[in-house]
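Q: Could you walk me through how the calls on this model were made? I would like each value set beside its rule.

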Amino acid sequence: MKLRVGKIVLKAGQYLAVILIILAFNFLLPRLMPGDPTDFLTGTDVDAPYVMDSQTRARLLEYYGLDKPLPVQFLHYLGHLARGDLSYSIYYKTPVSRLLAQRLPWTLLLAGTAFALSTLLGVLLGAFSAFRAGSRLDRTLTGVLLGIRATPEYLMGMLAILAFGVALRVLPLGGATSPFPRYSSSFAAAADILRHLILPAAVLTIAQVADVFLTMRNTMVSILGEPYLLLAEAKALPLRRRIFSYGMRNAILPLYSRMGIRVGLLATGAIFVENVFNYPGLGRLAYEATMVHDYPTLQGMFLVTALAIVGANLLVDATYRLIDPRAGAAGEEA
Amino acid sequence: MSKVGLAILLVFCVAAVLAPPAARHQLGRTFAPLQPPSVVHPLGTDDIGRDLLAQVLAGARVSLLVGLSAGLAATLLGGLVGLAAGYFGGSADRLLMRLVDFFLAIPRLPLLIVLAAYLGSGIWVIVIAFVFISWAYPARMVRAQVLLEKRRAYVTAAQLSGLPWHYILRRHIAPPLLPLLAAVVIMEMGHAVAAEAGLSFLGLGDPTAVSWGTILYHAFAYPALFLDGSWLWWALPAGLCLSLVLLGLALVSVSLEGNLDPRLKGRRLGP
């Protein structure tokens, strides 16, 4: 029992270290970018709203603490972070936490839908394909999905816009809601949001299916050589039973431990999909913020993405025993 | 399947090497904007009148150059780290592996976006940024393999007969790693090509270089792209080239990967 507590503390320490490095990274990188945020408020840019003299500029830098030495700024950053304060977006003139809170639900909706659908689809197709390994269907499916994995999300997005938005004209081309929405009921609101979700979510789902499919298929293929599945086949158990009760239970494990990687892939995919469809999530925000060198917003966006991945890994570590009871027993003594 | 992939890549390599002289006279000049394909401009022109065939061919050069150099550099750096960590072990190994954990845990593209924004987004800057965030996976793979190779009897024999470590690494440990490295390098090349195109598509690419990503970026910035049919000769060729190169790399990498895992042989993704 003592051993277990020690192991948990060690694991927690490792995660804490990763989070701290991410924070330091996150803090330093935007600060090393050329120029500073006041450039985008002053007359150096054509679209700039203000002309600013050097005294005003110095006062602004002082006000935002950008004139302090970096270690002081970092401690400041950590202190504020601990209170849930992600600093203030100088460009948008809003607290970053509020900006992120406005955009995050859209990304969660989009990425969550894609995560659920691509997992379901990928697991089923992958398992099925593995049981038919070598057949024409298996080869076609694998080839098509390899092709899809090689296609960037924005190209798929372009094709989807062409097919459904331009040629068929059945679905909206972008945005998350109709412009200036006024809904008669919450049902109408949900319908409108759903209509706008279909294309981006479908593109993101299709882009993510390949990863699930290939993981599932390859694990399943290697499990198929196991004696207990041979026995199941010898007992003439129906295919469905062999796939779901015998194969799936073991084949799901590598996929489950890939959760952190998949969250990273989803975040990356969402950046492109949101930008193609002008979907107002974090990915779109990241692009907008990079364009105007908005440090705090970029910091916040990067932090949320990184924490999501760390969180997913933590979740996998904490629950892996539930999914695979053998792993915990063996892993603990080692 | 790997033959198809190699053929695709070969075609693009030939195009990238041979075409620029043929297309160079077109590259710096502007013509009438938004022309559909014609004999003079086989892929038409974009909204400021640049010849698109010349741009697509120049883009092949940028994409392949970035893919080749970034993929090789990331694999080389990661391979060296993995070799050293796996062979020597100890506290340096533990520290390096924690660093690998970190780089594998952070979101790559968001970090690349920030890096590209900060470093100024020249082509070589993108290559360096890519190598900086991508060495971890090759390092992990190589280290695992080195740990296996290290236990072989002939390695122990070589160690006991007092051969120097660099000789053992060069003669006994490194050669069996080559198939693994080949698969990893092709995979990393694919990631690098996709990363460059993605950054350029988001407007973070080298503004002075013409790549498939920048062509797509300009095309998507043109409001009537889907309305006046210009997507057909403006966005589609660049997108298709990008997909084909990525597919070619994926096909080659999958068949190399299949050779690595004997359990998957025969039942694998391809012949």
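Q: What makes a residue pair between chain A and chain B count as a polar contact, and how many are there?
A: The count is one residue pair, with both residues at pLDDT 80 or more. A polar contact is a pair of N or O atoms within 3.5 Å; within protein, one must be able to donate a hydrogen and the other to accept it, and residues adjacent in sequence count only if both atoms are side-chain atoms.

This is a predicted model, where local features need pLDDT of at least 70 and side-chain atom pairs count only at pLDDT 80 or more, while totals for chains, interfaces and linings use all residues. Residues are numbered from 1 along each chain as its sequence is written, chains are lettered from A and ligands numbered from 1 in the order in which they are written, and side-chain values use heavy atoms, with hydrogens and water left out.

Q: How do you know how many salt bridges cross the interface of chain A and chain B?
A: The rule asks for a side-chain nitrogen of Lys or Arg within 4 Å of a carboxyl oxygen of Asp or Glu, and across this interface it finds zero.

Q: What makes residues of chain A and chain B count as in contact, and how many do?
A: Contact means heavy atoms within 4.5 Å; 45 residues of chain A are in contact with 43 residues of chain B.

Q: What is the area called buried between chain A and chain B?
A: Buried area is the accessible area (1.4 Å probe) that two parts lose on being put together, summed over both. Here that comes to about 4000 Å², and carbon and sulfur atoms give 81% of it.

Q: How many helices and strands are there in chain B?
A: Helices (H or I, at least four residues) and strands (E, at least two) are DSSP runs, numbered from the N terminus. By that rule chain B has 11 helices and zero strands.
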